[in-house]
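Here are my notes on this one, jotted down as I went through it. Have a look at the model alongside them.

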Amino acid sequence: MLWLLVVASAIELPPLRAPTLKLKPRDLRFNVLVAGLKGLGKTTACRALLGTNASTATLDFATAVLTVSIVDSDLDLDFANFVAKRRHQNLKNTDSPDDCLIHVCVYFLSPHGLLDADRKNLRRIRREVTVIPVIAKADTLTDAELAAYRSRLEKEFAKLKIERPLAIISRDGDYRWGRSRIRHSDFNDLKRRLFSDDTEDLITKARSHFLRFKRRRLGRQKARSALKTIAILALLYNPLKLRLQLPLNF
Ligand SMILES: Nc1nc2c(ncn2[C@@H]2O[C@H](COP(=O)(O)OP(=O)(O)OP(=O)(O)O)[C@@H](O)[C@H]2O)c(=O)[nH]1
Ligand SMILES: [Mg+2]
């Protein structure tokens, strides 16, 4: 009986292939933003992904310890702005390279069609971070409906340079007309990509995006202080007695 239970749970939740992460330090932070419009099953999915109601979990791999943190966002949040703000916060971070960085955004799409709000959100977020789009509540669509919807989205996403969406079921359901199961959807693919196959790639990408941002910011700061010095020198040594005017916001 116990053996049967073990087999059943193994089928339900296939174990993740432990990645050999080459990243430094050994203690890594991995921050996921779960975004999308209201009531699409985001919180349910977060719980199923981490296997707990808490928003963080620790995954112990052979070469690294990954502290996964999921930001389960609400409707009023400006997602792109949130990612940018977290990048700014990370500037003050000297201990760890990516405590505050958001490494990936899992964006939930309604099973009934893409809304203008989604288009606007996606266009902005993809400039800030890697986006994994998911069609939520895939159990509410027939196979044919899902295939048609997915191919419409693929065409639209190709223009936005966003990848093909996964279709997920975030919780098992028993209905008069049948049963829906998490394992019959792309849910486990999503989990595997986040916490195993793509982890290293996502962290590396977010880090290099952050370093580019930091370099640009430093460059701008240097240019501004050089301009200030030139302006002050020009004021002090003004042999032609010209009337120099500094900009108001100087
Ligand atoms: N049919 C179906 N229902 C789901 C699925 N996932 C979640 N639900 C249900 O959808 C409802 C909303 O789920 P939540 O997880 O609270 O959705 P949410 O996106 O966090 O909602 P907000 O936080 O209000 O934006 C609940 O009744 C869930 O049981 C799914 O995969 N299929
Ligand atoms: Mg929620």
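This is a predicted model: local features need pLDDT of at least 70, side-chain atom pairs count only at pLDDT 80 or more; totals for chains, interfaces and linings use all residues.

**Notes on the helices, sheet and ligand site**

1. Sorted by class, the contact of H3 with H4 has four nonpolar residues, one polar and one charged.

2. On to the sheet. It is open, built from six strands in the order S2-S3-S1-S4-S5-S6, with mixed pairing. Strand S2 (56–60) and strand S6 (166–167) are the edge strands, each pairing on one side only.

3. Strand S4 (residues 104–109) pairs with strand S5 (residues 131–135) in the parallel sense, over five bridges. Phe108 stands opposite Val134 in S5.

4. Two helices to check against the sheet. H4 packs on the sheet and touches strand S1 (27–36), S4 and S5, its direction making about 170 degrees with that of S4. Helix H6 (residues 187–197) also packs on the sheet, touching S1, S2, strand S3 (65–72), S4, S5 and S6; the direction of H6 makes about 165 degrees with that of S5.

5. Last, the ligand. Ligand 1 is surrounded by 16 residues, the closest being Gly41, Lys42, Thr43, Thr44 and Ser170. Helix H2 (residues 42–50) gives the largest share of this shell, three residues. By class, the shell around ligand 1 has seven polar, six charged and three nonpolar residues.

Note on methods: Residues are numbered from 1 along each chain as its sequence is written. Chains are lettered from A and ligands numbered from 1 in the order in which they are written. Ala, Val, Leu, Ile, Met, Phe, Trp, Tyr, Cys and Pro count as nonpolar, Asp, Glu, Lys and Arg as charged, and the others, Gly among them, as polar. A residue is near a molecule or strand if its C-beta atom, placed from the backbone, lies within 6 Å of it. Helices (H or I, at least four residues) and strands (E, at least two) are DSSP runs, numbered from the N terminus. Two strands pair if DSSP finds at least two bridges between them. Two residues are in contact if their C-beta atoms, placed from the backbone, lie within 7 Å. Axes are lines fitted to C-alpha atoms, for helices over the stretch in contact, and angles run from 0 to 180 degrees between N-to-C directions.
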